[in-house]
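Have the sequence and the 3D view open as you read.

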Amino acid sequence: QVQLAESGGGLVQAGGSLRLSCVASGSIFSINIMDWYRQAPEKQRELVATITNDGDTNYADAVLGRFTISRDNAKNTVYLQMNSLKPEDTAVYYCHVRAQPRFRRVGDYWGQGTQVTVSS
């Protein structure tokens, strides 16, 4: 199986920056897509940014130009650098990967989430 551990959330003032990290561990054969999602109170979970194993990225319009997703394949780690944070970025941020454990089928795996709070 694949386990995900997120870190880097916290409280920051508007205009500030945070960097989220997510490490995948376990018996991993390969990791394809790595994503960050977020869910604000009383709202649906939404995709924030995606990065493929080739390094292609895609961003939600709301974060384009402010957030940067990257990954270190050697460390099975994905990062989300968040700059110029706004109060509306406040949410629980979840790491997601599409990965194949050894001797098993490709599956979707989620982290526990890390809280990001942006004060005005």
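## Strands and a cysteine link

In strand β11, V118 is the bridge partner of V12. A quick word on what you're looking at: this is a predicted model, where local features need pLDDT of at least 70, side-chain atom pairs count only at pLDDT 80 or more, and totals for chains, interfaces and linings use all residues. Residues are numbered from 1 along each chain as its sequence is written, and side-chain values use heavy atoms, with hydrogens and water left out.

Strands here are DSSP runs of E, at least two residues long, numbered from the N terminus. Two of them count as paired if DSSP finds at least two bridges between them.

| Strand | Partner | Bridges | Direction |
|---|---|---|---|
| β2 (residues 10–13) | β11 | four bridges | parallel |
| β9 (residues 91–101) | β11 | three bridges | antiparallel |
| β3 (residues 18–26) | β8 | six bridges | antiparallel |
| β7 (residues 67–72) | β8 | six bridges | antiparallel |

Back to β11, which covers residues 114–119. Which of its side chains are buried (under 20% relative accessible area with a 1.4 Å probe, protein chains only)? T114, V116 and V118 are, and they point to one face.

Now for β8, residues 77–82, which is mostly covered: five of its six residues are buried. V78 is a handy landmark in this strand. Its bridge partner is C22, and R71 stands opposite V78 as well. β7 and β8 form a hairpin with four residues between them. In that turn, N76 has a positive phi of about 50°.

C22 also takes you to the cysteine link. How many disulfides (pairs of cysteine sulfur atoms within 2.5 Å) does a search of the whole structure find? It finds one. That disulfide joins C22 to C95, with the sulfurs 2.1 Å apart. The pair ties together distant parts of the chain: C22 sits in strand β3 and C95 in strand β9, 73 residues apart. Why is the disulfide left-handed? Because the torsion about the S-S bond of C22 and C95 is about -80°. Both C22 and C95 are buried.

Definitions and conventions:
Buried means under 20% relative accessible area, exposed over 50%, partly exposed in between (1.4 Å probe, protein chains only). A disulfide is a pair of cysteine sulfur atoms within 2.5 Å.
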